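This report looks at one protein chain. Please have the sequence and the model at hand while reading.

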Amino acid sequence: MNPLLLVEDSDPDAEALMRIAKRLPLPVPVVRVRDGENALDYLYRRGAHADAERPTLILLDMHMPGISGRDVLATLKADPDLRAIPVIIFSSSVEGAYANGANSYLFKPEIGPQLQATAEALHAFWFKAARLPDPQEPEA
């Protein structure tokens with residue numbers, strides 16, 4: 001099963017999300033990368049990520065050192081082979097998200113009950129109500 005790609009530089013935030021994902025449980029594995037450079041390497045299957053599976057969904061933080069989430073999003077949505085992958089911005093700022101092709105924006109709350117509620121809402125919509133694109137099929 002193709003994974004959800006979590007692009008998050010904050011270890012505490014990523015660890016909290018991974019714990020919540022296990023309790024939900026998500027129907028796909030979660031793979032985490034820590035920055036924009038590694039996100040692009042994963043998506044383009046370069047270097048250590050040469051065998052990476054195309055993600056079903058991407059959860060992307062906008063504020064990261066180096067290559068920003070905004071730049072990752074713009075690169076992804078400009079690529080005909082990758083643009084169909086839904087990208088949910090999970091950040092404290094929506095600036096530039098929709099203009100660069102984000103499919104959704106979720107405000108990143110502090111770790112605690114609100115983060116749990118946000119993750120449950122994400123799970124309910126993206127994995128129960130929505131129909132995700134097949135990562136194995138090229139965009140027509």
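Which residues does Ile89 touch, not counting residues up to four places away in sequence? In this predicted model, Ile89 touches Leu60, Met62, Leu73, Ala97, Ala102, Ser104, Tyr105 and Leu106.

Ile89 also belongs to the largest nonpolar core, which has 21 residues. Together with Val7, Ile58 and Leu60, Ile89 is among the residues with the most contacts inside this core. At least two residues of the core come from each of strand 1 (4-7), helix 2 (36-43), strand 3, helix 3 and strand 4 (87-91). Helix 2 gives the largest share, four residues.

| Core | Size | Some of its residues |
|---|---|---|
| Largest nonpolar core | 21 residues | Val7, Ile58, Leu60 and Ile89 |

An unreviewed UniProt entry lists Asp61 for "modified residue: 4-aspartylphosphate". Asp61 sits in the loop between strand 3 (57-60) and helix 3 (69-78).

Is Asp61 buried or exposed? Its relative accessible area is 4%, and buried means under 20%, so Asp61 is buried. Leaving aside residues up to four places away in sequence, Asp61 touches Val7, Glu8, Asp9, Gly69, Phe90, Ser91 and Lys108. One of these, Val7, is also among the residues with the most contacts inside the largest core. A polar atom of the Asp61 side chain lies 3.3 Å from the backbone nitrogen of His63.

Note on methods:
Residues are numbered from 1 along each chain as its sequence is written. This is a predicted model: local features need pLDDT of at least 70, side-chain atom pairs count only at pLDDT 80 or more; totals for chains, interfaces and linings use all residues. Side-chain values use heavy atoms; hydrogens and water are left out. UniProt positions are given in the numbering used here, feature names are shortened, and annotations may be inferred rather than shown by experiment. Buried means under 20% relative accessible area, exposed over 50%, partly exposed in between (1.4 Å probe, protein chains only). Contact means heavy atoms within 4.5 Å. A polar contact is a pair of N or O atoms within 3.5 Å; within protein, one must be able to donate a hydrogen and the other to accept it, and residues adjacent in sequence count only if both atoms are side-chain atoms. A nonpolar core is a set of buried Ala, Val, Leu, Ile, Met, Phe, Trp, Tyr and Cys residues joined through side-chain atoms within 4.5 Å.
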